[in-house]
Amino acid sequence: MTAVAATETRFAQTWSRPPFIKRRGLRWTLYGGALVYLITAISSVEVNWVRVWEGLDRGLRFIKGFLVPDFTSRWGDIVIGMQESLTMTVTSTVVGVAISVPIGIGAARNIAPLPVYAVCRAIVALSRSFQEIIVAILFVVMFGFGPFAGFLTLSFATIGFLAKLLAEDIEDIDESQAEAIRATGAGWWQIVNYGIQPQVMPRLIGLSLYRLDINFRESSVIGIVGAGGIGATLNTAMDRYEYDSAAAILMLIIVIVMAAEYLSGFVRKWVQ
Amino acid sequence: MTDAASTTVWRKRTTSRELAMWAGWLVLVAFFVFCWQVMTQTTIWAFVTDAPQQAADIGSRMVPPRWEYIPHLIKPMWDTLNIATLGTLLAIVMAVPVAFLAARNTSPSVRFVRPLALLIIVSSRSINSLIWALLLVAIIGPGVLAGIVAIALRSIGFVAKLLYEAIEEIDASQVEAVTATGASRSQVVDYAVVPQILPAFAGITVFRWDINIRESTVLGLVGAGGLGLRLQESMNTLAWPQVTVIFLLILVTVLLSEWVSARVRHAII
């Protein structure tokens with residue numbers, strides 16, 4: 001009896017949840033370090049509060065612009081910008097996908113020989129490590145202002161994105177299907193065509209549509225550094241302090257992005 | 001009989017499907033050519049054809065990098081780091097409530113509050129941080145603060161979207177168990193929902209921080225502080241050796257942050 005009572009009293013009466021980081025020393029070092037960093041970081045941010053106060057007036061004007069956007073007075077410029085952005089998006093996605101398919105196949109370890117694999121992976125890494133905006137700066141310097149530089153930038157960025165994901169997808173395929181095709185005496189091309197392509201095609205289509213979506217979003221940015229598109233129009237509107245036109249452009253971008261996202265989601269569901 | 005059977009060759013698709021495929025490809029190619037024509041209307045081909053010379057010219061100006069410029073980059077580097085980190089923190093503060101309002105199982109009203117939260121998420125996600133920075137520089141003036149707010153506004157949508165998806169995927173039986181003890185609504189969220197999404201939340205935060213480091217390196221191009229400011233200055237003065245140094249520094253920073261975030265996410269999951 002007494003033994004039972006003793007075990008009963010050993011049950012804890014209160015419970016507190018276990019901490020997220022288990023080791024106590026590590027936990028307090030991390031918390032302390034974070035606190036020190038926060039204090040130094042926040043104190044090093046220089047804010048010109050007078051300027052902020054003066055700017056609030058502009059912020060108000062901008063919000064007013066959003067409530068009453070002005071589509072008409074710069075409509076011609078907006079149409080040209082949109083036209084550039086949309087065509088740039090389509091062409092760069094098509095070219096980017098066309099280039100990234102062979103590179104993606106080359107970067108898959110299970111079907112490419114080592115030297116090809118190394119070269120293709122290097123291309124992917126190179127394309128992924130530079131952001132669109134920096135590539136756009138370089139291309140604008142080389143190819144002049146306008147949508148052609150933007151087209152090259154987006155194609156280049158598409159390669160890194162798509163080839164990497166395609167290669168990973170090929171590496172993850174069901175080997176037995178490729179094995180079955182190989183057992184019939186098929187050559188390398190036939191294995192790729194009949195054993196691998198049907199398995200990765202739905203995902204490839206989905207990724208291409210997703211990239212189309214991303215490319216449109218990016219095309220609205222690279223115009224800031226001179227690579228054409230709606231970004232250039234937006235930049236001009238901001239420079240002229242025409243906030244109502246800028247608001248109209250932003251609303252158009254949001255609507256198109258939403259439509260593209262919805263459509264690509266719909267098509268992806270339909271394909272898979 | 002056997003002869004006829006052996007001459008029918010296996011085909012992947014029926015004839016009509018084959019034709020439909022070809023028609024689809026034809027439409028795609030035609031559309032591409034049309035877009036290409038429209039896009040290149042204003043292109044000056046003389047600039048395109050002499051691009052290799054331009055590239056060689058810039059290449060020769062960019063090397064050797066001016067390494068003495070590095071000391072001037074320490075303060076901008078610190079600013080860039082702060083823009084990314086403080087921006088991410090600010091975004092989390094705003095994104096967490098939005099995520100709870102947007103998730104079907106925690107939203108107070110699926111019909112009225114949820115669409116509003118989703119609208120916030122979509123508008124934040126569809127505008128790039130550079131555009132946010134462009135707006136904020138005009139409103140609150142150039143500087144680090146504009147960069148922080150731009151990064152925060154862009155990240156809200158990203159963090160909230162991934163977080164509300166994580167909330168919707170939680171194990172309902174734990175919520176039920178805590179509810180059965182007589183816990184209030186806020187206690188249910190605290191003890192049944194939060195522990196389940198905490199690892200996902202930490203992962204999302206680190207992932208976004210990594211992306212933000214990448215983006216904050218170029219925010220200065222529109223005047224929002226950090227390394228991009230120096231990049232803009234160097235390019236305006238055609239100081240290409242300095243541009244090289246900045247590019248290399250950005251590359252190293254991006255690779256480092258990617259490595260850190262991969263390590264941290266690996267440790268959490």
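Which elements does chain B run through from the N terminus on? The elements run α-α-α-α-α-α-α-α-α-α-α-α, and the secondary structure of chain B comes to 12 helices and 0 strands. Helices here are DSSP runs (H or I) of at least four residues and strands are runs (E) of at least two, numbered from the N terminus.

A word on the model comes next. It is a predicted one, in which local features need pLDDT of at least 70, side-chain atom pairs count only at pLDDT 80 or more, and totals for chains, interfaces and linings use all residues. Residues are numbered from 1 along each chain as its sequence is written, while chains are lettered from A and ligands numbered from 1 in the order in which they are written.

**The two chains**

Chain A has 11 helices and 0 strands. The radius of gyration of chain A is 27 Å, well over the 19 Å that the globule rule gives for 272 residues, so chain A is more spread out than a compact globule.

A residue is buried if 20 or more other C-beta atoms lie within 10 Å of its own, exposed if 12 or fewer, and partly exposed in between, with C-beta atoms placed from the backbone.

| Chain | C-alpha span | Buried residues |
|---|---|---|
| Chain A | about 90 × 75 × 35 Å | 41% of 272 residues |
| Chain B | roughly 80 × 75 × 35 Å | 38% of 269 residues |

The domain assignment of chain B, which is automatic or from a database, gives domain 1 (2–51) and domain 2 (73–268). Their centres, taken over C-alpha atoms, are separated by 41 Å.

**Where the chains meet**

In the model, 45 residues of chain B are in contact with 45 residues of chain A. Contact means that the C-beta atoms of two residues, placed from the backbone, lie within 7 Å. On the chain B side, helix H7 (residues 129–140) gives the largest share, 7 residues. That side divides into 33 nonpolar, 11 polar and 1 charged. Ala, Val, Leu, Ile, Met, Phe, Trp, Tyr, Cys and Pro count as nonpolar, Asp, Glu, Lys and Arg as charged, and the others, Gly among them, as polar.

Let us visit Thr43(B), in the loop between helix H2 (15–39) and helix H3 (45–49) of chain B. Not counting residues up to four places away in sequence, Thr43(B) touches Gly146(A), Phe148(A) and Val48(B). Is Thr43(B) buried or partly exposed? Thr43(B) counts as partly exposed because it has 18 C-beta neighbours inside 10 Å.

**A helix pair in chain B**

Helix H8 (residues 144–168) and helix H10 (residues 185–216) of chain B have axes that come within 9 Å and cross at roughly 145°. Axes are lines fitted to C-alpha atoms, for helices over the stretch in contact, with angles from 0 to 180 degrees between N-to-C directions. The residues of this contact divide into 12 nonpolar, 4 polar and 2 charged. Among those in H8(B) are Phe158(B) and Leu162(B), and those in H10(B) include Phe201(B) and Arg208(B).

How values were computed: Rg over C-alpha atoms; globule rule 2.2 N^0.38 Å.
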